Amino acid sequence: MQFSKSLLIKAAMVVFLVLYLGWIYNSDNAKDVSMEDISFTMENISSVTEMQKRGKGDLQRYFSVMDTDTEGYFFYKDISPMSVNEVLIMKAASRDKAVSLLEAAEAHLESQENVFGAYGTDQMGLLSEASVESKGNYVWYMCGPDASTWRRAFTSLI
Amino acid sequence: MVFSSIFFIFCFLPVFMLIYYLVPGKGKDIVLFAGSLVFYAWGEPVYVILMMFSALFNYYMGLELDRCPEESRKANLIFAIIVNTAILGFFKYYGFLLDTVGGLIGHAISHPELSLPIGISFYTFKNLSYIIDVYREKIYSQENFLTFCVYSTMFPHMAAGPIVRYADIEKQLERRPVNIMKFGVGAEYFIKGLAKKVILADNLAVIYNSVSSSSHNAVLTAWIGIFAYTMQIYFDFSGYSDMAIGIGRMLGFDFLKNFDYPYISGTITEFWRRWHMSLGSWFRDYIYIPLGGNRVSTLKHIRNILIVWALTGLWHGASWNFVLWGVYYGILQLFEKYFLSDYLGRAPKIVGNIYTMFCVVIGWVFFSQTSFGAIANYLGTMFGPAASGFADSATFYYFRTGIVLFVICIIACRPALQERFRKLMKRNMPAAIAIDAALLAISTAYMVYNSYSPFLYQKF
């Protein structure tokens, strides 16, 4: 009886471990989606294309990220300097690189909060709800009234 | 959460310590366990479940080993080892294995990369040592789950060691007096470790990162770069260990030291008796000696050494450069044992130290460069063929900007400075405390100014 009880406990622990690792495996990872597919999906959202598409110069200027530090990126930013609306999705070559890209995105959010903290009530409201996250090798920064829509569209891809 | 952060030093640690000191008796265990969970969950809440599973599993298997019939003890031990190594393997070696198999069959196997839970190598080895020691009847299994959790999840040595064995702190887990003297000694250890990390290691990192990011360096630039890394990794890792030992002291624990001035060693064998001592003794007691140690034929001894050092390398990271680094040290120690020991024994200590440091510096090239191509390129630069010249303007820039730091590091990695401080502490305690306060103030200024800088060994 004692023997079967201990066997049952060990089996339960192994089953739990397998289920947990399976969950980690699925939740911590992202599908490998090309930047073309990401661009195609994101550019179908009108609130994204209302902003201006930005290149590697702006990526470095606003996020201190060299385009060579990524395996691809998608970057739209509002043309008005008073607007905080922007969407940036970066694909890193590895998890380590994704960590530093996420730090860059978080630093940009902090910098925006410092800029608008003193007077931009609306901007601060949007910044407080900005989505700065990573999944797998993808890192994103999304800020704007439609940030949750952008986030949903992107995360459903990966 | 890292030790060398403003939040940890000025928010988490004081609040935690205050509660820990105010709560009486066994209540301290609850505070320590809760504090460890908060510390770990701060960065990776999802992996708290893994850490707790590991604690629960090993707690149960310890009890099981003590109460199961003799004939099933070995099966239980093997089961516990398999589960522990499977967890470590899943997170750390799964991608490496698929990449290696893909390389062998000539077809890359795509796989998602999993992020490595912080401290997984350290707590897995700690729990394995507990299980094996219970099996060997060196210790009794811990019956109180809370006490075992305190051991298994204790935050001071959770993220980057030292690998504290249950047998070493068994009595302190039951009863550990805390007093102002212990607190003071612990605080001194902590500040010393913080200064090593923030003032020395982080500044050395700037030099090494700058040198290694360029693919065309002069010979002397490459040597300056790897010298900076040699000092960086020592002050980074021994700094963390000092901070962990210091917090342990403040909590009433006496952890064994993890570093004993390795850069004064006269041989590679001595170096490894002084560097990351808790890992070296773990491999000695749980792998090398069970394989037969040196009480076997020469061929088997060579096999044992190479296995242990390949595993030591692999423990540091799932990459072939770490295996190469480990095997390199295995070969050096075999060479010393069978050929060099007589010569080194007769030679002046300084000769042995120069030989050891030369080998160690070369070893850090294998460790710091993650691909064989990068290793060959860096070594090629150090020895000429791949260098852009012997020295150039960059060399003099790095030398000028780094020389003061290098001199401080050379002095600080030898015991004389610490011995002088100890004497000062006995003779003139206020002056010693003032030095500690100054180190804390300078370290704080660096932490405010610098960005997030995790410890190198945290990624292992």
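Predicted model: local features only at pLDDT ≥ 70, side-chain atom pairs only at ≥ 80, totals over all residues.
Let us start with how chain A is divided. Its domain 1 covers residues 1–29, and its domain 2 covers residues 31–157. The centres of domain 1 of chain A and domain 2 of chain A, taken over C-alpha atoms, are separated by 39 Å.

Now look for the sheet in chain A. It is an open sheet of 5 strands, and reading across it gives the order S1-S2-S3-S5-S4, with antiparallel pairing. At the edges stand strand S1 (52–53) and strand S4 (131–135) of chain A; each has a single partner strand, so one side of each is left without a neighbour in the sheet. As a general point, strands of a sheet pair through backbone hydrogen bonds, either parallel or antiparallel.

S1(A) and S2(A) run antiparallel and are joined by 2 bridges.

The next step takes us from strand S2 (residues 72–77) of chain A to S3(A), a pair that is antiparallel over 6 bridges. Here you can find A:Lys77 opposite A:Glu86 in S3(A). Going on, S3(A) and strand S5 (residues 138–143) of chain A run antiparallel too, with 6 bridges joining them. In this pairing, A:Lys91 stands opposite A:Tyr138 in S5(A).

How many residues of strand S3 (residues 86–91) of chain A are buried? The count is 6 of its 6 residues, and the strand is described as mostly covered. Both of its faces are covered: A:Glu86, A:Leu88 and A:Met90 are buried on one side, while A:Val87, A:Ile89 and A:Lys91 are buried on the other. So A:Glu86 and A:Lys91, which we met in the strand pairings, are among the buried residues here, with a cut-off of 20 or more other C-beta atoms within 10 Å.

From the sheet we move to the meeting of the chains. In the contact, 16 residues of chain A touch 14 residues of chain B. On the side of chain A that touches chain B, helix H1 (2–27) and helix H5 (95–116) of chain A are the elements that give two or more residues. H1(A) gives the most, with 10 residues. By class, this side of chain A divides into 8 nonpolar, 4 polar and 4 charged residues.

Chain B is divided as well, into domain 1 (6–176) and domain 2 (182–459). The centres of these domains of chain B, taken over C-alpha atoms, are 25 Å apart. Across their boundary, 26 residues of domain 1 of chain B are in contact with 26 residues of domain 2 of chain B. On the domain 1 side, the elements giving two or more residues are helix H1 (6–22), H4, helix H5 (120–135) and helix H7 (166–174) of chain B. That side has 17 nonpolar, 6 polar and 3 charged residues.

Helix H4 of chain B also has a helix partner to look at. The axes of helix H3 (residues 48–67) and helix H4 (residues 70–105) of chain B come within 10 Å and cross at roughly 170 degrees. H3(B) and H4(B) are therefore roughly antiparallel to each other. Where they meet, H3(B) brings residues including B:Phe57, B:Met61 and B:Leu65, and H4(B) brings residues including B:Leu77, B:Val83 and B:Ile87. This contact has 7 nonpolar, 3 polar and 2 charged residues.

B:Ile163 is found in the loop between helix H6 (145–153) and H7 of chain B. Is B:Ile163 buried or exposed? It counts as buried, because it has 23 C-beta neighbours inside 10 Å. Among the residues that B:Ile163 touches are B:Phe122, B:Phe125, B:Leu279 and B:Trp282.

B:Arg295, by contrast, lies in the loop between helix H11 (277–291) and helix H12 (298–316) of chain B. With 9 C-beta neighbours inside 10 Å, B:Arg295 counts as exposed.

Definitions and conventions
Residues numbered from 1 in each chain as written. Chains lettered and ligands numbered in written order. Axes fitted to C-alpha atoms, helices over the stretch in contact; angles between N-to-C directions. Helix = DSSP H or I, 4+ residues; strand = E, 2+ residues; numbered from the N terminus. Parallel < 35°, antiparallel > 145°, perpendicular 65-115°, else oblique. Contact = placed C-beta atoms within 7 Å. Nonpolar A, V, L, I, M, F, W, Y, C, P; charged D, E, K, R; others polar. Buried ≥ 20, exposed ≤ 12 C-beta atoms within 10 Å, placed from the backbone. Pairing = 2+ DSSP bridges. Domains from an automatic or database assignment. Lists of a residue's contacts leave out its neighbours within four places in sequence.
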